[in-house]
Amino acid sequence: MWNFKDFGNSIAAEDDNGNIISYTQLSNLQDKFKKIIGRTLVFNLCSNSIGSLAGYAAMINAGVVPVMIDADLDDELLENLITTYAPEFLWIPNNKNTALKKIGELDYSEYGYSLVRINNEKPKLHNDLALLLTTSGSTGSSKLVRQSYKNIKANTESIVEYLKIDNNERPITTLPMNYTYGLSIINTHLYVGAKILITDKTLMQKEFWQFFRDKEATSFGGVPYTYEILKKLRFFRMDLPSLKQMTQAGGKLLPELHREFAEDCAKKGREFIVMYGQTEATARMAYLPAEMAIEKCGSMGIAIPGGKFSLVGADCEIINEPDIVGELIYEGENVTMGYANSVDDLSKGDERNGRLITGDMAKMDKDGFYYIVGRKKRFLKMFGKRINLDEIDRIVKAKYDGLEFSCDGVDDSLYLFFTDEKIMEEGKRFIAEKINLNLSAIHTVYVPSIPKNSSGKVMYNELKKLVNI
Amino acid sequence: MTNLEKYNKTFTETLGISEEELQGLEYQGISQWDSVGHMGLVSAIEDEFDIMMDTDDIIDFSSYEKGKEILKKYDVEL
């Protein structure tokens, strides 16, 4: 995937404690992993740290298949994933407390991370399989997206081209690397030999901005919520001369915010680039070129180089006229192989043939720019993270046996509908804790019963009406 | 209500915690005081005391105690 040797002793990543790793060191770790791990499955418990990044990059290049999982994932949910996929090893932060059962001695330790054997058998892996990412990270869903080497390479090359990324860039991390958007920033910058500024500090911390200024970060990515925070932080008044490019994805930005950032960036000679993607398409499918950011405000742009969009109506007819809403279809080499629900699925080949039915409803304007208008599937983006609403149902019902319950919401606001008033507060706290979501984003509503139609299906529109969403 | 009571209330209500947990409380010290919680907390404090905090103060607001110091700058005596 990457030619680490080409970049020699250039720095691949630097953290906010001054630790660095060079491309030569990445290449050495790759050789080491090839020898001691080989072609097998490893859970990478991700944090924004050099150990996590180096482990990921070395595994991909060495033909080891990593599953990227948030290091802060609830222990029980992690155990479930381990039971489902039986990885041979974990790549785990040294400072993580875990009661996980280990087999034998510590296998290897470097850059603050350790390789720990937890199984003796190697799962059967398809030759094309490179990487596995979660679809709904924090609910611990066992559904993973299967990405091939070809997928990652195609998407990386396309992104490098349209964002014009070269080895002078210094992106700063603002997103987790177990999240496809955060990972794509890493993939593209390693591809050109740039230096990644890596930190687990948030935009809310002085240390983040100190690091940003000291190391002269040139770009970052953000989900809609990131841009709300930036506005609150009076970002428009901040003096950040090194910053050249900001990208946005992970949900639709409010058009007002889109405009404010686009105008501010235009004034300061920066690029503001709205993008669209999904884990199922490796990472990116569309981008709105910076020079169109103001004119086409609210649009997610055009297909990335090498990709193609089409819209399909309710009767499967192709929509060619502008301003008619249909389901968005994407075609390109970055369309992933399919899903996995069990370890047996890891030996499966490509099931999509380069065509992805996105589940998003969209329209195109007369100039060929696309606009997302809604979603077919039952999930929300909570601060950029995808949360599957059916998974929330499952988790709550597993906790409260026999409870009639449902949930719905809009991005950044989750509504829980309980039929038992006594457990609402506890249930809300349980969910917040379980899926690592802030309490302020969760609302509880009491309903005497969950509205269902004659065939027993929950009528979500009725629930939505109750809370005016 | 005294200013200190108001200050405490913004914490207990925004972060869903009890008064006993306030002493020594730090950003990211509990799951509720994450970046989403921080935004909510800053907004609640701004509303409560009718002030507008500067960027440097928002990102320097790293603990319950630090917040008290910061509020002094805005002439809020606790």
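**Ground rules.** I am working with a predicted model, where local features need pLDDT of at least 70, side-chain atom pairs count only at pLDDT 80 or more, and totals for chains, interfaces and linings use all residues. Residues are numbered from 1 along each chain as its sequence is written, while chains are lettered from A and ligands numbered from 1 in the order in which they are written.

**Domains of chain A.** I found domain 1 (4-374) and domain 2 (379-466) in the domain assignment of chain A; such bounds come from an automatic or database domain assignment. Their C-alpha centres lie 28 Å apart. I then looked at the contact, for which two residues need C-beta atoms, placed from the backbone, within 7 Å. Domain 1 of chain A brings 13 residues to it and domain 2 of chain A brings 17 residues. On the domain 1 side I noted three nonpolar, eight polar and two charged residues. The classes are Ala, Val, Leu, Ile, Met, Phe, Trp, Tyr, Cys and Pro as nonpolar, Asp, Glu, Lys and Arg as charged, and the others, Gly among them, as polar.

**Chain A against chain B.** How many residues does each chain put into the contact? I read 18 residues from chain A and 15 residues from chain B. Helix 6 (206-214) and helix 7 (224-232) of chain A each supply at least two residues of the chain A side. Helices (H or I, at least four residues) and strands (E, at least two) are DSSP runs, numbered from the N terminus. That chain A side divides into nine nonpolar, five polar and four charged residues.

**A sheet in chain A.** I traced an open sheet of three strands in the order 2-1-10, with mixed pairing; strands pair if DSSP finds at least two bridges between them. Strand 2 (20-22) and strand 10 (196-198) of chain A each have a single partner strand, so one side of each lacks a neighbour in the sheet. The twist averages 15° from one strand to the next. Strand 1 (residues 11-15) and strand 2 of chain A run antiparallel, joined by three bridges, and A:Glu14 stands opposite A:Ile20.

**One residue.** A:Ala290, 24 residues away in sequence, is 8.5 Å from A:Ala266, C-alpha to C-alpha.

Methods. Axes are lines fitted to C-alpha atoms, for helices over the stretch in contact, and angles run from 0 to 180 degrees between N-to-C directions.
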